[in-house]
Amino acid sequence: MIVTRSWLNEFIDLSDVSNEKLYETFNSIGLEVDSIKTIEIPQKVVIGKILSCEKHPDADKLNVCQIDVGSGTRQIVCGAANVVNAEYVAVATIGAVLPGDFEIKHAKLRGVESEGMVCSATELGLPPLGEGIMILDESIGELVVGKEFGEYEKIADTIIEIELTANRGDCLSIYGIARDLSVALEKDIKPFDYKQEERMKLGIAREAEIHTSGEMEADLRYKLASIEEMQSSFIVALRLALVDIQTEGLLSSMLSYAIHATGVILRAYDSECFRNEEGKIVVRPTAIRKGIIEVRGDKSSYGIVGVNQLKETIANDDTKQVLFEASYINPERLVDAVYQSDMNKDELYYKTSRGSSPDLSFGLVYLACLMDKNTQINCYEGSLDVHVQREKNILRVNVHEINDIIGQEIEINRIVSILKHLGFDINAIGDHVITAAVPMFRHDIVNIQDIAEEIVRIVGINHIKAKPLAFVEKNRLNDTTNRYKYKKTLKNRAVGVGFFENVSYVFSEKSVLERYGFITVEESLELTNPIVEELNTLRSTILVNLLAAVKRNVSYTKKLIPLFEIGAVFDAQRQQKEVISFVFTGYTGSENVSNSGKPKLIDFAAFIQKIGSVVGAFELVPCTFHNGLLHPYQSADILVDGKVCGFVSKLHPTVQQSYGIPDTFVAEVDLDALLPKHTNARAISRYQGVYKDLSIVIDQNISYYEVAKALGTLDLPMLKDSYPVDIYVDEKLGDKKSLTIRFFIQSMEKTLEEGDIETVMSEILETLKVACKAELR
């Protein structure tokens with residue numbers, strides 16, 4: 001991207017900014033300067049006014065000119081053919097030393113005295129501006145005869161070439177560069193005020209109309225104008241040459257100049273291309289696929305928005321009525337669409353593919369101002385518009401997070417000021433949190449890291465203090481990691497006590513779940529496309545999957561089948577939770593010499609012990625669950641912290657028979673109930689405790705669960721624990737049984753005395769007599 005200092009000065013006041021400061025600022029804000037060059041016009045080259053121009057008496061290709069150079073009138077012989085059309089020119093007077101160490105002296109050409117030289121652009125070190133001498137006009141400033149040519153800031157300009165990264169399409173214009181400069185230098189952008197004089201009062205709707213087809217993804221604005229006469233502009237030609245833009249014709253030059261200045265994509269169509277049989281101009285933007293918008297007339301397609309324009313439709317200097325088009329399309333959408341297509345691309349595609357300016361009105365007004373100064377133009381009132389509703393990308397910006405990324409504290413007011421001047425819409429939503437609506441011309445900004453980069457650019461990387469890298473690992477331990485670690489612990493414990501992990505789909509066969517009385521997902525929430533018919537619903541228990549695995553292993557003649565699985569189950573509304581499920585079939589251990597090849601079969605007590613080794617301590621109470629897998633006499637609820645969280649049972653005989661498997665025990669526990677919770681430490685007594693056994697006689701129908709409930713009602717601080725150690729049934733006891741319970745008694749304040757122990761045991765016995773009709777054995 002090439003800019004000139006004087007061109008930038010049209011949008012931002014650089015009068016008090018040196019070239020060195022400009023160079024430093026560009027590099028500081030990420031616009032790397034590739035080269036910077038100041039044009040130096042030789043001394044004694046002045047503005048001259050041609051008073052007369054006559055043919056050389058002795059040379060057909062020479063003209064003898066009388067030129068006012070301020071200090072007097074000089075006769076100068078000139079060989080440029082276009083001198084006859086010139087009024088103001090650049091004159092190298094006697095004594096001037098031009099580039100190449102060429103000194104201007106008094107000379108005689110074919111017998112005619114010549115006191116200087118009328119200069120072309122290249123003779124003064126400027127880029128070529130066409131054949132012949134430079135014909136000056138007041139686009140460079142007021143032309144004062146005799147004034148040094150190098151005193152005009154638009155002539156003795158500074159050319160700056162900037163290397164842009166691919167994402168900075170917003171800086172592919174003079175205005176875009178000035179916008180960044182204004183923020184870095186803390187200067188306001190100069191307002192561009194221009195009110196076009198509406199010489200023609202006819203509205204555009206009488207002459208032209210627009211009809212869209214398909215989903216529009218491009219903003220379009222069309223202006224219709226009649227052009228009677230065009231004049232060249234010296235500053236337009238000079239600046240285009242300085243920034244290395246080549247054009248053909250005056251209209252093309254003005255379009256290129258406005259595009260480079262504003263960043264808005266502008267095209268000029270010959271309006272006759274769009275005129276239908278009724279004589280009306282009809283423009284038909286048509287979406288042929290995502291990202292590709294054709295500009296059509298009634299007859300054919302004349303171009304693709306942002307990509308190309310049919311050569312035959314391009315307006316030129318002889319076109320009397322021109323349809324100007326300003327356009328904007330999202331560059332990412334356009335590039336993707338063009339990449340998938342094989343289409344011709346013109347020079348403007350480079351700008352549209354990287355991001356042009358969406359301010360179509362600014363581009364057209366700037367062009368109108370330029371043409372108003374250099375042409376006889378009549379613009380129709382109004383415009384033909386296509387406007388796409390786009391939602392701005394809104395980012396939530398936490399100032400603390402920005403400062404963490406940058407590594408330095410930047411005040412929120414400074415951050416807000418920078419973003420506002422860069423075109424962001426800012427709203428405060430907290431003390432240190434704002435929302436930033438990204439401007440349309442910055443499609444490359446998508447996250448908070450991009451925002452931080454913008455802040456660093458404007459603050460200046462040189463102003464960020466260097467400090468050692470401090471890498472602080474964020475605490476990533478949370479409920480998710482804790483759950484993962486606990487599940488891993490459960491798996492290790494289960495494997496440690498002999499279980500094998502089973503892995504199955506979260507699907508099951510609906511008819512099997514219904515057969516055994518498990519809930520199933522509501523019909524409206526069922527799977528629409530199950531992977532196989534046998535897995536046509538989400539499972540509400542893992543046990544049926546485990547039983548299917550047991551059946552397969554039995555068919556492989558396995559005699560020991562302990563399985564577990566941790567996974568998700570679903571309720572009728574497809575709400576998910578995790579459970580751990582166990583199945584144990586066959587022997588409790590392997591066949592070996594110690595058991596003479598006949599290990600014990602698994603029983604309820606052994607199964608409970610193994611589950612306890614995996615999930616930890618729990619209680620058993622009479623079963624309240626209802627499903628077809630539960631044994632009517634050997635089943636129980638599992639209690640953890642006083643809450644029912646699962647069940648354990650011997651497999652129902654009919655289910656066992658249907659699967660064709662030996663005695664099997666099953667259990668399923670809600671994983672959430674098992675997750676470790678914070679436990680407050682309890683004081684430990686420093687005094688010795690004692691164990692005391694109590695043997696009582698109770699009715700055979702009374703379970704230990706009821707005895708334990710009665711013991712739980714006791715408020716005895718010294719009673720620390722109790723558990724059964726023996727149950728004895730004899731004919732002498734009739735319909736009663738003997739139960740021996742072991743108690744652990746300990747005091748927190750003193751060494752126990754015999755009286756303390758007797759008091760505790762007496763209260764225990766009295767409670768059991770009342771609650772269970774117990775008798776001391």
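These entries go from the overall picture to one helix and then to a few residues.

**Ground rules**

I'm working with a predicted model, so local features need pLDDT of at least 70 and side-chain atom pairs count only at pLDDT 80 or more, while totals for chains, interfaces and linings use all residues. Residues are numbered from 1 along each chain as its sequence is written, and side-chain values use heavy atoms, with hydrogens and water left out.

**Whole chain**

I looked up the secondary structure and got 20 helices and 38 strands in the protein chain. These are DSSP runs numbered from the N terminus, with helices being H or I of at least four residues and strands being E of at least two.

Next I checked the overall dimensions. The radius of gyration of the protein chain is 47 Å, whereas a compact globule of 777 residues would come out near 28 Å. That radius is taken over C-alpha atoms, and the globule rule is 2.2 Å times the number of residues to the power 0.38. The C-alpha trace spans about 160 × 70 × 55 Å along its principal axes.

I then asked how much of the chain is buried: 49% of the 777 residues. Buried means under 20% relative accessible area, exposed over 50%, and partly exposed in between, with a 1.4 Å probe and protein chains only.

I have 84 positive and 113 negative charges, and their mean positions are 6 Å apart. Lys and Arg count as positive, Asp and Glu as negative, and His and the chain ends are not counted. Each charge is placed at NZ of Lys, CZ of Arg, CG of Asp or CD of Glu.

**Helix H10**

Which residues of H10 (399-406) are buried? I found Val-399, Ile-402, Asn-403 and Ile-406. They sit on the same side of H10 because they cover an arc of only 95° around the axis, the arc being that of the directions from the helix axis to the C-beta atoms. I jotted down the background too: an α-helix has 3.6 residues a turn, so residues three or four places apart point the same way. The buried residues of H10 pack against strand S23 (394-398), helix H11 (412-421) and helix H12 (448-459).

I followed up on Val-399, which is buried at 4% relative accessibility. Leaving out residues up to four places away in sequence, Val-399 touches Ile-410, Ile-412, Ile-415 and His-432. Val-433 is 34 residues from Val-399 along the chain, and their C-alpha atoms are separated by 6.1 Å.

**Strand residues**

Ile-580 is in strand S30 (576-586) and is buried, at 0% relative accessible area. Beyond four places in sequence, the contacts of Ile-580 include Leu-490, Phe-564, Val-614 and Leu-674. Leu-674 is 94 residues away from Ile-580 in sequence, yet the C-alpha to C-alpha distance is 9.6 Å.

I also checked a lysine. Lys-650 belongs to strand S33 (643-651). Is Lys-650 buried or exposed? Lys-650 is buried, with a relative accessible area of 15%.

Leu-711 is found in helix H19 (704-712) and is buried at 8%. Leu-711 touches Tyr-704, Ser-722, Ile-741, Phe-743, Ile-764 and Leu-768, residues up to four places away not counted. Leu-711 and Leu-768 are 57 residues apart in sequence and 7.6 Å apart, C-alpha to C-alpha.

**Positive phi**

Two loop residues went on the list. Asp-101 is not a glycine but has a positive phi of about 60°; its loop runs between strand S7 (97-98) and strand S8 (102-103), and Asp-101 is exposed at 68%. Asp-641 has a positive phi near 55°, lies in the loop between strand S32 (630-640) and S33, and is exposed at 66%.

Notes
Contact = heavy atoms within 4.5 Å.
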